[in-house]
Amino acid sequence: MGDNSPLHEHLRQLEESLLRPEIRQSPQAVGELLADNFVEFAGDGKIYNKRQIIDALQADTVSSKVQWVASDFNFIDLSPDVVLITYRARRYDTSGLILKDTLRSSLWRLHDNTWRIVFHQGTVAANP
C-alpha cells in the first residue's frame, strides 16, 4: 500500500489524535486506542503499560498549554492486520518555540475490526 492509502490515512488520524490535549486527558479515549497488552519504551528510558500511560497522561498538566505537530509519516505494512508507523513529533509552547523533538514509532494491530496500538517508542531527536 502507498502512504496515501485509506488505511494509512485512517491510522495517521488515529495516531495524531493521541497528540491532541482533549484525547490525552480522556482515559476512555486513550483506552480505546491502546491495546490491553500495550507497551511503551519512553524517551526517559522507562517502560510503561496501558494503565501507566493513561495515569501519566491524566497527571500531565503541560499538555493543555502546548501543541504537538506530527510530520514525516512512514507506513510499513507488516501483514494485513499489523502496520508500523514512524514519524517525527514536535512539541511547541504557546510562542511557537520547540520544546521537544522526538522520533516515534507505533505498531498498530487490527483486532475485532478495531485498530489499536500494541507498541510505541519515542526517542528524543538530534538537532533538526
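How many residues does helix α1 have, and how far does it reach from its first C-alpha to its last? I was working with a predicted model, and there α1 (residues 6-17) has 12 residues and reaches 16 Å, close to the 16 Å expected at 1.5 Å a residue.

Next I looked up which side chains of α1 face inward. The buried residues are Leu-7, His-8, Leu-11, Leu-14, Glu-15 and Ser-17. I found that they pack against the helices α2 (21-24) and α3 (27-33), and also against β3 (67-79), β4 (82-92), β5 and β6. The helix itself lies across β3, β4, β5 and β6, and I noted an angle of about 140° to β3.

Then I turned to the sheet. It is open, with 6 strands in the order β2-β1-β6-β5-β4-β3 and mixed pairing. I logged an average twist of 15° from one strand to the next. At the β2 end, β1 (residues 34-41) pairs with β2 in the antiparallel sense over 3 bridges, and Val-39 stands opposite Asn-49 in β2.

Last, I checked backbone angles. Most residues other than glycine have a negative phi. Asp-112 has a positive one, near 55°, and Asn-113 also has a positive phi, near 65°. Asp-112 is in the loop between β5 (98-111) and β6 (114-124), and Asn-113 is found in the loop between β5 and β6. Buried or exposed, I wondered, is Asp-112? Asp-112 counts as exposed because its relative accessibility is 64%, and Asn-113, at 75%, counts as exposed too.

Key:
Residues are numbered from 1 along each chain as its sequence is written. This is a predicted model: local features need pLDDT of at least 70, side-chain atom pairs count only at pLDDT 80 or more; totals for chains, interfaces and linings use all residues. Side-chain values use heavy atoms; hydrogens and water are left out. Helices (H or I, at least four residues) and strands (E, at least two) are DSSP runs, numbered from the N terminus. Buried means under 20% relative accessible area, exposed over 50%, partly exposed in between (1.4 Å probe, protein chains only). The expected span of a helix is 1.5 Å times one less than its number of residues. Contact means heavy atoms within 4.5 Å. Two strands pair if DSSP finds at least two bridges between them. Axes are lines fitted to C-alpha atoms, for helices over the stretch in contact, and angles run from 0 to 180 degrees between N-to-C directions.
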